[in-house]
Amino acid sequence: MLQKLILLGPPGSGKGTQAKRLAEKFGYLHLSTGDLLREEVKNGTELGAQAKTIMEKGDLVPDDLIVAMIKSRLSATDDGVILDGFPRTVTQAESLDKMLADAGQGIDRALLVDVSDAEVTTRLLGRARIEGRADDTPEVISNRLGVYKQQTEPIVDYYSGKGLLTKVNGEQEIEKVFADLEAIVAG
Ligand code: AMP
């Protein structure tokens, strides 16, 4: 079984839902930097205060803050981990490699939940109406997709270059996407 996994994909790809389910299925730790940041905002911490307006615009919280936030959680476990929403920049990916290497570990696989631009836009606008998430207005959605393209998509090549990338078709039924991911993690 693969132990250290990254779930990659644009906003609206469903990777958060899939990451949660995979973590449950395999008894792994689910680390979502988006969830951790929302928790910091809710608890009114200093980090939360720094992150709040950035998140509302759909921009990225600075790498050093994210890396510090994830570091303590990662080092607390040797077991299976599913990273969701991290890394989001090549700098974060490099920091992650270093963190894991220092502990004699490494990423086993990066799984890309592949969904077209047109499909994620439709899904996010639909979700905005239903859930009313603060970062789901049309302007913020368009910014988040632009940020993904510019800052996050380069890490697809980063992991592909290391021979660690596997793509899954994210436009299938949710259950089929899960089944594909599950098969890869089970090895
Ligand atoms: P998410 O729930 O993963 O869509 O994340 C919500 C927001 O949190 C993002 O739009 C960013 O503002 C911020 N965020 C989450 N993860 C990261 C990360 N790894 N690096 C920078 N910002 C992040």
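Start by selecting Val 168, which sits in strand β5 (residues 165–169). Helices (H or I, at least four residues) and strands (E, at least two) are DSSP runs, numbered from the N terminus. The model is a predicted one, in which local features need pLDDT of at least 70 and side-chain atom pairs count only at pLDDT 80 or more, while totals for chains, interfaces and linings use all residues. Residues are numbered from 1 along each chain as its sequence is written, and side-chain values use heavy atoms, with hydrogens and water left out.

**Val 168 and its surroundings**

Val 168 has a relative accessibility of 4% and therefore counts as buried. Buried means under 20% relative accessible area, exposed means over 50%, and partly exposed lies in between (1.4 Å probe, protein chains only). Now show what Val 168 touches, not counting residues up to four places away in sequence: Leu 112, Val 113, Asp 114, Val 177, Asp 180, Leu 181 and Ile 184. Contact here means heavy atoms within 4.5 Å.

**Strand β4**

Select Leu 111 next, in strand β4 (residues 109–114). Its relative accessibility is 0%, so Leu 111 counts as buried. Leaving out residues up to four places away in sequence, Leu 111 touches Leu 5, Ile 6, Leu 7, Leu 8, Thr 166, Leu 181, Ile 184 and Val 185. A C-alpha to C-alpha line from Leu 111 to Leu 165 spans 6.0 Å, although the two are 54 residues apart in sequence.

**Helix α9**

Move to Ala 179, in helix α9 (residues 174–186). Ala 179 has a relative accessible area of 34%, so it is partly exposed. From Ala 179 to Leu 112 the C-alpha atoms are separated by 14 Å, and the two residues are 67 apart along the chain.

**Helix α1**

Lys 15 is the next stop, in helix α1 (residues 15–26). Is Lys 15 buried or exposed? Lys 15 is buried, because its relative accessible area is 14%. Setting aside neighbours within four places in sequence, Lys 15 is in contact with Leu 7, Leu 8, Gly 9, Asp 84, Gly 85 and Val 113.

**A cis peptide bond**

Select Phe 86 and Pro 87, which are joined by a cis peptide bond with omega about 0°. Pro 87 belongs to the loop between β3 (81–84) and α5 (90–102).

**Helix α6**

Now take helix α6 (residues 117–131), which has 15 residues. From its first C-alpha to its last, α6 reaches 21 Å, close to the 21 Å expected at 1.5 Å a residue; the expected span is 1.5 Å times one less than the number of residues. Colour Val 120, Leu 124, Gly 126 and Ala 128, the buried residues of α6. An α-helix has 3.6 residues a turn, so residues three or four places apart point the same way. Then show α7 (138–152), which is included in what covers the buried residues of α6.

**The whole chain**

Finally, zoom out. The chain has 9 helices and 5 strands, in the order β-α-β-α-α-α-β-α-β-α-α-α-β-α along the sequence. Taken along the principal axes, its C-alpha atoms fill a box of roughly 40 × 40 × 30 Å. The radius of gyration is 16 Å, which agrees with the value near 16 Å that a compact globule of 187 residues would have; it is taken over C-alpha atoms, and the globule rule is 2.2 Å times the number of residues to the power 0.38. Buried residues make up 45% of the 187 residues. Among contacts between residues at least 6 apart in sequence, 75% join residues at least 24 apart.
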